[in-house]
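Student: Hi, could we go through this structure together, starting with whatever surrounds the ligand?

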Amino acid sequence: MKQLLTFTALFIVLTASAGASEEFQAEKFHQTSCTGCHDSSVYTRKKRRVNSLPRLESQVRMCDANLGKKLFDDDIHSLTDYLNDNYYHFGK
Ligand code: HEC
């Protein structure tokens with residue numbers, strides 16, 4: 001039984017990471033596409049404009065629109081989560 005559990009856990013980890021490589025990667029996308037106009041210091045400056053999670057999401061949408069990438073909703077959400085986890089830390 002224990003072996004079966006270990007196997008199942010391993011299987012989940014492997015399939016999850018295999019899936020992720022084809023999916024949208026927020027960190028990578030941010031590095032390659034979001035640092036052209038500003039770097040990440042705008043997220044941490046004293047007078048930053050974004051002050052809540054919904055505002056963060058709409059800012060990400062606005063910047064995506066400027067960029068012309070037309071990200072899917074899911075990608076906008078992972079990008080928002082990425083910024084929140086690393087810089088903004090708003091409660092959900
Ligand atoms: C076409 C230029 C441009 C690109 C590309 C761009 N941004 Fe921005 N972004 C701006 C401008 C302009 C501001 C406002 C800066 C200011 O108020 O000084 C801003 C501000 C922001 C803020 C708010 C910072 C604060 O004050 O809290 C966030 C968050 C943000 N951008 C995220 C992104 C993300 C995510 C991407 C990649 C999808 C991106 N930006 C790409 C122009 C851009």
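Around the ligand

Tutor: Keeping in mind that this is a predicted model, the element that gives the most to the shell around the ligand is helix 3, which contributes five residues.

Student: Okay, and how many residues surround the ligand, and which are the closest?

Tutor: The ligand is surrounded by 18 residues, and the closest are C34, C37, H38, C63 and Y88. Sorted by class, the shell holds twelve nonpolar, three polar and three charged residues.

Student: Where does the ligand sit?

Tutor: The ligand sits in the largest pocket, and the elements that give two or more residues to the shell around it are helix 3 (53-67) and helix 4 (73-88).

Student: Switching to the metal, which residues coordinate the iron atom of the ligand?

Tutor: H38, through its NE2 atom, and C63, through its SG atom, coordinate the iron atom of the ligand at 1.9 to 2.2 Å. This pair links distant parts of the chain, since H38 lies in the loop between helix 2 (26-33) and helix 3, whereas C63 lies in helix 3, 25 residues apart.

Student: And what geometry does the iron site have?

Tutor: The site of the iron atom is octahedral, with six donor atoms and angles of 89 to 179° among them.

Technical notes: Residues numbered from 1 in each chain as written. Predicted model: local features only at pLDDT ≥ 70, side-chain atom pairs only at ≥ 80, totals over all residues. Heavy atoms only, no water. Near = heavy atom within 4 Å. 1 Å grid on protein atoms, 1.4 Å probe; cavity = no way out; pocket = protein on both sides within 12 Å on 5 of 7 lines; lining within 4 Å. Sits in = over half its atoms within 2 Å of the grid points. Helix = DSSP H or I, 4+ residues; strand = E, 2+ residues; numbered from the N terminus. Nonpolar A, V, L, I, M, F, W, Y, C, P; charged D, E, K, R; others polar. Donors = N, O, S within 2.8 Å, 3.2 Å for Na, K, Ca; no water. Tetrahedral: all angles 85-135°; square planar, octahedral: opposite > 155°, others 65-115°.
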